[in-house]
Amino acid sequence: MQKSEKGLWPDWHELRRLMALMLPLYIGNLLHMGMGVTDTVVAGWKGELDLAAVGMGFSIVGTVMVACGAVLTILSAMISRLRGAGADSKSGLILNNGKVLAVCLCVFELLVIFAGSYVFCFTTDNPQLADMAQLYVWYMLPGVPAHLFMRVIMGNFEGYGQTRPAMVVSFCGLVLNIPLNYALVFGAGPFPELGGAGCGLATAIINWAMCLLMLAIMLGSSQHRRRAVQMLAWRAVDWRLVRHTFKLGLPVGVASLCEMSFFCLVTLIIAPLGERAVSAQQVAINVSGIIFMLPLSLSIAASIRAAYHVGAHRAAAFSAMVRTLFMVTYALVTVMMIFTIIFRRDIVGLYTDSAEIVEVASLLLIYCAVYQIADATQALMSGLLRGCHDTPVITWSNLISYWLVGFPLSYILIRTDLIVPAMGPAGAWISFIVALSLTALILTFRYRYTRRKIFPGC
């Protein structure tokens, strides 16, 4: 293994392990993202108002849901580290108290989303747009508990290096989401015509269907049934463990909140520029999210493998995994960048037939392609730091990059002539590139420090 550590080629053993983890995650994330694409496409078919409402509504609910769910992603790294150390008998206890943490997060999330649903009237002069965006958010609320509990169950499977169940569940969710979305947006049979707001209700229903299916898979598995029973059991809460899990996961959640809120609130800055600008931004953000599923999936795989090697004290295997991870990621992301630039108009055309939106969104996709290297780097560094249980820096890097630098810069570039003539939506993407590059730089330096601390001389 030491020879492999110093080589210039991927470690084929680690490559197989990473691909076994990453590919189902990637497919599952794409399928899950496909539900967001379905929302955007169906809302776009309904009209520009509906598409803009979904974009504005998701800027609130999506931000909070992703942030709270991100807190629970630390469960997979905790369980994987226990496996590496040969102490995975404690996994059931981790899951049971993870469930308690999910309940606490659920109460917080519901309150924040409901309060946030009242901001739309202050961000747009169109009362119809504000009302539909608010209704979209309200329809999403019932799906919040299912989303968080499913994240706990996924932590079990991912911690044991099994990512296929999430892929299967995401596929089922997408298959159900397409007709349900159409029925609730346009009205069909017993379903009312809710317009863009119907996308929110469809998502809530799908979240519960996916959660129950994931739980059924866990209960039906001879390998995982015992931990499922332990997870569901009513027992005295170990608040020390809950606090420890929260302490490790909170920086990840806050970092996700900083990132998601930055991206989504920029949409609110763009809102006064009109429905066309908001719609173009929503399409570009959606495409960017699809591309990001690749580094995100590799980031999750990296956190699982890193935690396992740290738990097992395998320095050479850790180094081989990191080298292989970056070689594969940059090769794949480069291909995605080229594809996005070449086919940007065709991609936007899948969302809308409005020539004006296609023109604006096509330009935004060029910026989207440019920032992929920085985005992939920060995602992978974040995953490695999670695997090493060094998470606080993830929060601080995102706070600095997105809010102290990126957000003020986005407002200046989008709405003012302070630096250059007001750029509109394009200014948002310049600020994205700057913020992501800064985040990647900070996390890279921290990762190098943490790696030397865990594996001296590595």
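Glu14 is buried, with a relative accessible area of 1% (buried means under 20% relative accessible area, exposed over 50%, partly exposed in between, with a 1.4 Å probe and protein chains only). The model is predicted, so local features need pLDDT of at least 70 and side-chain atom pairs count only at pLDDT 80 or more, while totals for chains, interfaces and linings use all residues. Residues are numbered from 1 along each chain as its sequence is written, and side-chain values use heavy atoms, with hydrogens and water left out.

**Surroundings of Glu14**

- Glu14 belongs to helix α2 (residues 12-46); helices (H or I, at least four residues) and strands (E, at least two) are DSSP runs, numbered from the N terminus.
- Apart from neighbours within four places in sequence, Glu14 is in contact with Arg305, His309, Ala317, Ala320, Met321 and Thr324 (contact means heavy atoms within 4.5 Å).

**Aromatic rings**

- There are twelve aromatic pairs in the structure; rings of Phe, Tyr and Trp (its six-membered ring) pair if their centres lie within 6.5 Å, and planes under 30 degrees apart count as stacked, over 60 as edge-to-face and the rest as tilted.
- Phe262 and Tyr402 make a stacked pair, 5.4 Å centre to centre with 25° between the planes.
- This pair links distant parts of the chain, with Phe262 in helix α11 (residues 239-270) and Tyr402 in helix α17 (residues 392-415), 140 residues apart.
- Both Phe262 and Tyr402 are buried.
- The ring centres of Phe262 and Phe432 are 5.4 Å apart and the planes are at 80°, so this pair is edge-to-face.
- Because Phe262 lies in helix α11 and Phe432 in helix α18 (residues 425-454), the pair ties together parts that are 170 residues apart in sequence.
- Phe432 is buried, with a relative accessible area of 0%.
- One aromatic cluster is formed by Phe262, Tyr371, Tyr402, Trp429 and Phe432.

**Charges over rings**

- The charged end of Lys99 sits over the ring of Trp234, 5.1 Å from its centre; a charge sits over a ring if NZ of Lys or CZ of Arg is within 6 Å of the ring centre and within 35 degrees of the ring normal.
- Over the ring of Tyr160 sits the charged end of Arg227, 3.9 Å from the ring's centre.

**Helices α3 and α7**

- The axes of helix α3 (residues 48-72) and helix α7 (residues 144-159) come within 9 Å and cross at roughly 25°; axes are lines fitted to C-alpha atoms, for helices over the stretch in contact, and angles run from 0 to 180 degrees between N-to-C directions.
- The contact is made by Met65, Cys68, Gly69 and Leu72 of α3 with His147, Leu148, Arg151 and Val152 of α7.
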